[in-house]
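Take a walk through this protein model, one part at a time. Keep the 3D view open as you read.

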Number of protein chains: 2
Amino acid sequence: MRQGIPDATVARLPVYLRALTTLAEDGTATVSSEELAAAAGVGSAKLRKDLSHLGSYGTRGVGYEVEYLVYQISRELGLTQDWRVVIVGVGNLGHALANYGGFVSRGFTVAALLDADDRIVGETVGGLVVRPVDDLEEVVADQGVHIGVVATPAPAAQDVCDRLVAAGVTSVLNFAPVVLLVPDTVMVRKVDLSTELQILAFHEQRQVANRLSVDVPARVVALEPDGGTGRAGVSP
Amino acid sequence: MRQGIPDATVARLPVYLRALTTLAEDGTATVSSEELAAAAGVGSAKLRKDLSHLGSYGTRGVGYEVEYLVYQISRELGLTQDWRVVIVGVGNLGHALANYGGFVSRGFTVAALLDADDRIVGETVGGLVVRPVDDLEEVVADQGVHIGVVATPAPAAQDVCDRLVAAGVTSVLNFAPVVLLVPDTVMVRKVDLSTELQILAFHEQRQVANRLSVDVPARVVALEPDGGTGRAGVSP
DNA sequence: AGGCACTTGTGAACGGGTGCACAAAGTTGA
DNA sequence: TCAACTTTGTGCACCCGTTCACAAGTGCCT
């Protein structure tokens, strides 16, 4: 139970945490798995199983104490300690990240902003002065940075990543549209805006296809309980 | 094979597409599953299985023709048509999105930028004049918008989403840190920066714990490395 | 023409995650 | 105290995705 929380569960814990803090702000003291699951947009069984991986923090017949659960999830995610983050690349996205309040409120501290462009270095963004990217190694070492955020243009990303890793960073959040190569001791997560849009486009296209096939003899459509890939009999 | 491409595969197609266009720019004509898989950061077997869902587009003994595969994936993702996108909320993140080149290059057109703040309305961002959020319904209808991007603060997100859906949008990309409720005919994808960081923090924490326990008899794991948040001895 | 080297496409085994359904455990009210 | 009710925690069956391993197909060289 304590041993090894499934990845899928870990990925959902922040969602639960968000829902719980909202509930706490509204003054809710306890919450049932059903309610919390609804707020988080998952099934109640899944939620209970997820939480059971952390321990037995609920009370049968009652539910979960909001504040206590917030603490337990925070602790499990490692949010009770302060993580220092360095953001490399202060373009449009870097600006957004530097000004994003969600970091600080969750126990993350932006240790520094770095950029290779002389025109940006020296500017103040989100309360921090942008420093030259050459300070990378110094910043990571002196400030004890754990997490690197890569928000550079694609061509610079791998190089920046290499330097982060060499300097001792073991987790990287990558916004650049490239696949970063790292030693397997380092964890990389990628966020790609255009990828998300393309996935949406795929489903849009399929929906459109479905809509068009509505007036087609219904026989074929009915077979697929799964909502149907709809592509009934279309041959290329 | 033609019937219903798995979600996991769809999510990877944009990655393959990116790798392929890079290869194409470098003048590569054909590529093996091994090479392409390496460039995309996945296993070669997975890549082949993914591509096999689209059809038999490879040549045994040779590999895949880059340009042809680009076309096939693009078509499957629906990128051969132009999708019109409206971005609601032109704060830091909205700015970044509006200026992001990756949209246009992939067949997405930003139809309009909307914001509720009078101080921002009228500004020109990424070549477009920001319009008041009241124009939402008009924009969606007149411009034939398919996809809505929600980049508003959390409190406004659900309302904006409702209006998008009511106006006819069937896909939503949500950057606000809330779970959007939509009818199940509408598809929502969520991108949450702080969620990603929290997942990294979890793995960081665990790595640190592992490092510490290397030279310690394994039993001691139960100790809290966490610098005394107080609640150490709480028993249920 | 025939063998060799290479690469795709896929059947089959495997593993992890999801959802159901229910027993266990706690609460409330009489 | 006891019975009725609520809600958690979990065993189990199922499903989807991943990985392995290999037969089948293709080009090249002799």
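This is a predicted model. Begin with the largest pocket. What kinds of residues line it, by class? The lining divides into 26 nonpolar, six polar and twelve charged residues. That makes a lining of 44 residues. Nearest the pocket's centre lie A:Arg189, A:Glu196, B:Arg189, B:Lys190 and B:Glu196. The pocket's volume is about 1700 Å³.

Now turn to the sheet of chain B. Seven strands form an open sheet here, in the order 6-7-5-4-8-9-10. The pairing is mixed. Which strands of chain B stand at the edges? They are strand 6 (124–125) and strand 10 of chain B. Each has a single partner strand, so one side of each is left without a neighbour in the sheet.

Look next at one pair inside that order. Strand 5 (residues 108–115) and strand 7 (residues 128–132) of chain B pair in the parallel sense, over three bridges. B:Leu113 stands opposite B:Val130 in strand 7 of chain B. Helix 6 (residues 136–143) of chain B packs on the sheet. This helix touches strand 4 (83–88), strand 5 and strand 7 of chain B. Its direction makes about 165° with that of strand 5 of chain B. Helix 7 (residues 154–167) of chain B lies across strand 4 and strand 8 (147–150) of chain B. Helix 7 of chain B runs at about 170° to strand 8 of chain B.

Last, see how helices meet helices. Two packed helices are described by the angle between their axes and the distance between the axes. Take helix 2 (residues 33–40) and helix 3 (residues 44–52) of chain B. Their axes come within 8 Å and cross at roughly 105°. Helix 2 and helix 3 of chain B are therefore roughly perpendicular to each other. On the helix 2 side of chain B, B:Ser33, B:Glu34, B:Leu36 and B:Ala37 make the contact. They meet B:Ser44, B:Leu47 and B:Arg48 in helix 3 of chain B. By class, this contact has three nonpolar, two polar and two charged residues.

Helix 3 of chain B also packs with helix 1 of chain B, at an angle of about 105° and with the axes 10 Å apart. This pair is therefore roughly perpendicular too. B:Thr9, B:Arg12 and B:Tyr16 in helix 1 of chain B meet B:Lys46, B:Leu47, B:Asp50 and B:Leu51 in helix 3 of chain B.

Conventions
Residues are numbered from 1 along each chain as its sequence is written. Chains are lettered from A and ligands numbered from 1 in the order in which they are written. This is a predicted model: local features need pLDDT of at least 70, side-chain atom pairs count only at pLDDT 80 or more; totals for chains, interfaces and linings use all residues. Side-chain values use heavy atoms; hydrogens and water are left out. On a 1 Å grid over the protein atoms alone, a cavity is a set of points where a 1.4 Å probe fits but cannot get out, and a pocket is an open set with protein on both sides within 12 Å along at least five of seven lines; lining residues have an atom within 4 Å of a point. Grid points are joined across faces, edges and corners, and a volume is the space filled by probe spheres set on the points. Ala, Val, Leu, Ile, Met, Phe, Trp, Tyr, Cys and Pro count as nonpolar, Asp, Glu, Lys and Arg as charged, and the others, Gly among them, as polar. Two strands pair if DSSP finds at least two bridges between them. Helices (H or I, at least four residues) and strands (E, at least two) are DSSP runs, numbered from the N terminus. Contact means heavy atoms within 4.5 Å. Axes are lines fitted to C-alpha atoms, for helices over the stretch in contact, and angles run from 0 to 180 degrees between N-to-C directions. Angles under 35 degrees count as roughly parallel, over 145 as roughly antiparallel, 65 to 115 as roughly perpendicular and the rest as oblique.
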